[in-house]
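Visitor: Could you walk me through this one, please?
Guide: Gladly, let's take a look together.

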Amino acid sequence: MINNFKDFHMPRYDEIPDIDLYMDQLLSYIDKVLSPLSITHQEKFLTTSMVNNYVKQGLLPPTVKKRYSREHVARLIEICIAKQVHSITEISRLLDVQNALFDIETAYNYICTELENVLKSTFSNMPLPEDSAITTQDARLLVRDTTIAFAYKLYIHHLCDTLYEQHVNKNI
């Protein structure tokens, strides 16, 4: 399983397309970025309805002429990861803390780094590297613990699928 994640790379803020995207382009881009992290291949990380609801709930700023900016894309990737382990209310609070402490680029890039580190550590049973973030301990832990919870959930699902194929499915 480590092979799935040892070279996994989350696009950093400056790697996200610098052109505004229409909804179908947005969904396609985020699906491409997050598909390696899919827990169930049937469930989508993001749908049109979800995006519209996130705007209505204030998790995302409104679009300009129905086009989504780099900031929208980064925020949606954060939401897609966080929603695997948090409720929408909790995500809203996490984003409020993030907005109070950091600009979107800094926060998003930190989440990407933490997620990559945590996935490598979780799937290889290697120690988690020290965190180099310059922030408060509590704010750092919000990100690290969310990514750890997500990585363990992903790991458990992959392990269960593997064991099912090895021990149950072969007997059917």
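Guide: L142 lies in helix α7 (residues 137–167), where helices are DSSP runs of H or I with at least four residues, numbered from the N terminus. This is a predicted model, in which local features need pLDDT of at least 70, side-chain atom pairs count only at pLDDT 80 or more, and totals for chains, interfaces and linings use all residues. Residues are numbered from 1 along each chain as its sequence is written, and side-chain values use heavy atoms, leaving out hydrogens and water.

Visitor: Is L142 buried or exposed, or partly exposed?

Guide: Buried means under 20% relative accessible area and exposed over 50%, with partly exposed in between (1.4 Å probe, protein chains only). The relative accessible area of L142 is 34%, so L142 is partly exposed.

Visitor: How are the rings of Y13 and Y108 arranged?

Guide: Rings of Phe, Tyr and Trp (its six-membered ring) pair if their centres lie within 6.5 Å; planes under 30 degrees apart count as stacked, over 60 as edge-to-face and the rest as tilted. A search of the whole structure finds two aromatic pairs. For Y13 and Y108, the centres are 6.5 Å apart and the planes are at 65°, so this pair is edge-to-face.

Visitor: Which helices hold F123 and Y155?

Guide: The ring centres of F123 and Y155 are 5.2 Å apart with planes at 75°, so they too form an edge-to-face pair. Both residues, F123 and Y155, are buried. Their pair ties together parts 32 residues apart in sequence, because F123 lies in helix α6 and Y155 in helix α7.

How values were computed. Helices (H or I, at least four residues) and strands (E, at least two) are DSSP runs, numbered from the N terminus.
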